[in-house]
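Subject: Structure handover and notes

Hello,

Here is the structure I said I would pass on. Please have it open while you read the notes below.

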Amino acid sequence: MPFFQGKKSSILARFVVAMTALVSVALVVGVLLPLQELPVKAAEASPLVIEDLTVIDTRNGIEIPHQAIVVIGNRISFVGRTEDVPVFNEVRRIAGAGKYVIPGLWDAHIHSLRLSPQLHFPLLLANGVTSVRDMGDACSWSDNLKCLPEIRKWKDRIAEGSLLSPRIIATASYHVENLGQNRDVDTHVLENESRALLVALKARGDDFIKLQLDDHVNPLVFSTLVTQAHLQGMRIAGHLPFSVDLLDPLLASVQSVEHDSGLLPQCSDLLAAFDGRNRSKARLLARADDKRCDAVLASMARNRTGYVPTHIASIGQDWHLLSNTYKSDERIKYVALPQRFMWRFFAYLAVAGTAAEDRPALEAYYRASQKMTQRALAHGVAVMAGSDSMDPYVTHGFGLHDELLELVQAGLTPAQALRAASWTPALHFGLERDYGSIEAGKFADMLILDKNPLQDIQHARAINLLIFDGKLYTREDLDAMLSFTASQASSLSVNSKFLWGMIKPWQ
Ligand SMILES: [Zn+2]
């Protein structure tokens, strides 16, 4: 009946208009609502003495029992036998018997957002991650050089102690991905363009350049950027395109290769023909070239090119998603709703896009990537733990522990995995005087654990106390950080701002 149909469609139209208006109003209100932050703890008043601990020396992979640690201000002032602790008039003592202490953990590959104080920093600290290398925020995908990563704007607040955050060791430039799209590049034009871009990035104070070029980019584009960055005195890190041969001596100054998905193809003589698709992974493995692989890894060790496999977010993720365990991921409560939706959608596409007959090849590819990490370590490559948090189902803080487990499953001992998240990154980034081990003079960043992490790497999750920048955080404090993020992740304010950040027409 046309009359009824017309009435029905007008009711539907009014309902859609009303809902759109309601969502728009909620979005505007949410965007305007103020953001909450965790209060910053006051410094401890007196020297802190933790007695009779077992120190896990992650640098040498040994445990030293019956040690005392003294913290004054934000530095460790003494590590040694409990009976040798200097005498203080006033002191706060903590019994450490039966407990283990490891250095604050590093995550060498995270991503941040304007909302990281609400969504990420509390999770990182609650998981004992006290130092991070930020590989880019929303600004990193914008080629507007005026868009500055939020973390850089927070640096003053972090330094003055008004913002609670792990130490941001370095922040990436915007992701260099659009240079030399045309494979027939003119060498002079390319050189000039690269130089101009790097000079501009250097002028705005980027800590290092992140390359995220197309997997099939003309290799000349990659080597020109690396060469020009070196000439400008800038560090360069990033994804390794399949078209690039890491044995090229022009690439010697690359500071770190990110992701196993970029490095594994280097271990095959089919590298140049690889297209990254599931079908060609089996062909790539069939043409594995151990000699070439050893040469690539030896050159990385020689050139001090670090390696951050991010198994949990890269080849490992491709494999793990197929098990569908992400559907019952309890940490999803710490993730903002728009991101939950995006992750679910990504996972759906990844699973739907994998044919049943491709699964054995995917598993073999994953196992090969694990083997390569162990091999890289055996060659003396600086293997560093990085989670790539913000990638689907990789939650900040928890993701680093997942990656440590991946490293152990790849064949590293728990001590080697812990070193990849403490001593190795500190040394690789030239900061070993201040970080990376429990030694007098270094920053007082450490985790006191209930169980021995050298027996089981999962014990590194059982944090009894966090000492960060000389301040003490109890288990209750850490649980409060987790609850804070869970409440923020479901709040109107955070979700509206998250959504607005995604859909606003500028960055
Ligand atoms: Zn990343």
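Four strands make up an open sheet, in the order β9-β10-β11-β12, with parallel pairing. Strands here are DSSP runs of E with at least two residues, helices are runs of H or I with at least four, and both are numbered from the N terminus. Two strands count as paired if DSSP finds at least two bridges between them. β9 (208–211) and β12 (306–308) stand at the edges; each has a single partner strand, so one side of each has no neighbour in the sheet. From one strand to the next, the twist averages 20°; axes are lines fitted to C-alpha atoms (for helices, over the stretch in contact), and angles between N-to-C directions run from 0 to 180 degrees. Inside the sheet, β10 (residues 235–238) and β11 (residues 254–258) pair in the parallel sense over three bridges. Ala-237 stands opposite Ser-256 in β11.

Keep in mind that this is a predicted model: local features need pLDDT of at least 70 and side-chain atom pairs count only at pLDDT 80 or more, while totals for chains, interfaces and linings use all residues. Residues are numbered from 1 along each chain as its sequence is written, and side-chain values use heavy atoms, leaving out hydrogens and water.

Next, two buried residues. Ser-280 lies in helix α8 (residues 278–286). Ser-280 counts as buried because its relative accessibility is 4%; buried means under 20% relative accessible area, exposed over 50%, and partly exposed in between, with a 1.4 Å probe and protein chains only. Not counting residues up to four places away in sequence, Ser-280 touches Phe-274 and Asp-275, where contact means heavy atoms within 4.5 Å.

Asn-127 sits in the loop between α3 (121–126) and β7 (129–134). At 6% relative accessibility, Asn-127 is also buried. Leaving aside neighbours within four places in sequence, its contacts are Leu-105, His-396, Gly-397, Phe-398, His-401 and Ile-463. Leu-105 is 22 residues from Asn-127 along the chain, and their C-alpha atoms are separated by 8.7 Å.

Met-342 counts as partly exposed because its relative accessibility is 35%.

Regards
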